[in-house]
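Student: I have a model open and would like to go through its architecture with you. Could we begin with the overall picture and then turn to details?

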Amino acid sequence: MKYIYFGKRCREGGSPLKVLIRVIIIAAVFFSISIYFNFGEKSQKNKVLNGEKNITQKEDPETTSSGGSLQSGSKLAMPKEGLAGIIGQDTKDIIKTFGNPIRKDMSAYGYEWWIYNQNQENYIQIGVQGSKAVTAYGTGGQVNVAPFKIGQPINEIFSKVTMPSSINIQQNGTTYRFELSEDDMNTRPIVKLGNIYAQIYLDKFTGSVSSVRYLDSQTLVSQRPYELIYRGELAQPKEPDENHWRMIEEGNERQIYDLTNIIRSRFELNTLEGLPDVSQVAFLHSKDMMTDEYFSHTSPTKGELKDRLKDGHITYTIAGENIAANYVDGIEAVEGWLNSKGHRDSLLNDEYTGIGVGVYRKYYTQDFIR
């Protein structure tokens with residue numbers, strides 16, 4: 001829930017007429033506020049907030065993250081090619097264009113990710129529901145994410161595109177309004193292109209585009225990646241059963257591993273080897289955080305990272321850990337780590353040689369070792 005606070009400074013004196021004018025002005029302001037907060041009686045009761053948390057643990061001292069400001073300009077037209085054009089396509093056309101996927105990963109939102117990871121410079125995930133593409137994600141220097149480009153300067157985009165601080169959607173009799181925070185605007189703004197939406201993941205440290213996700217309105221409503229106000233009946237994705245959750249978690253683990261090495265390659269760093277035993281340690285920590293309802297590198301029962309690695313019979317010279325919770329999926333967790341100074345330092349540490357990734361529900365853990 002957001003609150004608006006009105007500060008005031010008072011002083012004595014003033015004519016009755018001036019006092020009356022001030023009273024009228026104040027009354028008008030509060031009347032306007034009452035109209036805003038009465039967007040709908042049900043909308044305020046049903047306000048939903050998807051929170052995001054992340055924390056990093058390293059052997060060196062903690063550092064703080066910084067942000068930047070973005071500007072907006074004119075609108076862009078809907079592209080006719082690239083990932084944006086995939087949304088709505090039939091699976092037969094997708095296979096004709098891209099071939100069969102290397103693998104298929106389940107998502108928590110009713111669609112299946114088709115993964116094309118043969119080339120780190122042209123990495124693509126296509127979300128298929130039924131026989132249609134409902135979302136697509138791409139990163140790498142060669143992927144076509146028109147009208148944007150991976151590595152494109154932020155200022156160049158915001159001089160051409162109007163990036164709204166809120167998105168309104170009407171679907172099946174329900175009105176949804178997504179509200180973007182200042183951090184959202186600086187790291188993952190969203191813009192409507194025709195009848196689809198583009199989420200632009202920004203690397204605020206380099207001032208450039210890191211990756212782009214396209215999705216239709218139904219998928220956006222299912223994921224709820226931003227603070228949401230709605231009026232009507234909230235659409236809910238079907239809750240996966242235990243078996244499906246494990247397949248979803250394994251898909252997120254594989255994607256986090258892929259994207260971590262793609263980002264490291266972007267900065268000319270060594271590829272990290274995937275280590276199953278370290279992944280098991282990471283998974284158990286994610287599950288422990290979810291089960292015992294805490295969010296920390298230090299488990300109340302299993303101890304710190306060094307204790308957990310010891311229990312897993314893992315030898316190493318240096319180690320570090322990134323954790324995150326309540327992100328939409330592994331993609332957003334990685335992009336979130338990239339935009340946090342401490343997490344970024346772990347992600348881009350050239351001393352690490354191996355990695356384990358563990359996901360339980362929407363708790364994400366990366367354990368790095370040498």
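Tutor: Contact here means heavy atoms within 4.5 Å. The model is a predicted one. Among contacts in the protein chain with a separation of 6 or more, 68% link residues 24 or more positions apart.

Student: And how many helices and strands does the protein chain have?

Tutor: The protein chain contains 11 helices and 15 strands.

Student: What share of the residues is buried?

Tutor: Of the 370 residues in the protein chain, 48% are buried. The chain exposes about 18,900 Å², and 50% of that area comes from carbon and sulfur atoms.

Student: Let us move to the open sheet. What is the strand order?

Tutor: The order is β2-β3-β4-β5-β10-β9-β8, which makes 7 strands with antiparallel pairing. At the edges are β2 (103-106) and β8 (190-193), each of which pairs on one side only. Neighbouring strands of this sheet are turned by 20° against each other on average, direction ignored.

Student: Which bridges join β9 and β10?

Tutor: Strand β9 (residues 196-203) and strand β10 (residues 208-216) are antiparallel partners over 8 bridges.

Student: Which helix lies across β2 and β10?

Tutor: That is helix α7, residues 242-266. Helix α7 also lies across β3 (112-116), β4 (123-129) and β5 (132-139). Its direction is at about 120° to β2.

Student: Now I331. Where does I331 lie, and is it buried or exposed?

Tutor: I331 belongs to helix α10, residues 330-338. The residue counts as buried because its relative accessible area is 0%, and the cut-off for buried is under 20%.

Student: What is I331 in contact with, beyond its sequence neighbours?

Tutor: Leaving aside neighbours within four places in sequence, I331 is in contact with W113, Q125, Y137, Y201, R213, Q255 and L259.

Student: How does β6 pair with β7?

Tutor: Strand β6 pairs with β7 (residues 174-179) in the antiparallel sense over 6 bridges. The bridge partner of S166 in β7 is E179. The hairpin of β6 and β7 has 2 residues between the strands, and N172 takes a positive phi near 50° there.

Methods
Residues are numbered from 1 along each chain as its sequence is written. This is a predicted model: local features need pLDDT of at least 70, side-chain atom pairs count only at pLDDT 80 or more; totals for chains, interfaces and linings use all residues. Side-chain values use heavy atoms; hydrogens and water are left out. Helices (H or I, at least four residues) and strands (E, at least two) are DSSP runs, numbered from the N terminus. Buried means under 20% relative accessible area, exposed over 50%, partly exposed in between (1.4 Å probe, protein chains only). Accessible areas come from the Shrake-Rupley method with a 1.4 Å probe; for residues, only the protein chains shown count as cover. Two strands pair if DSSP finds at least two bridges between them. Axes are lines fitted to C-alpha atoms, for helices over the stretch in contact, and angles run from 0 to 180 degrees between N-to-C directions.
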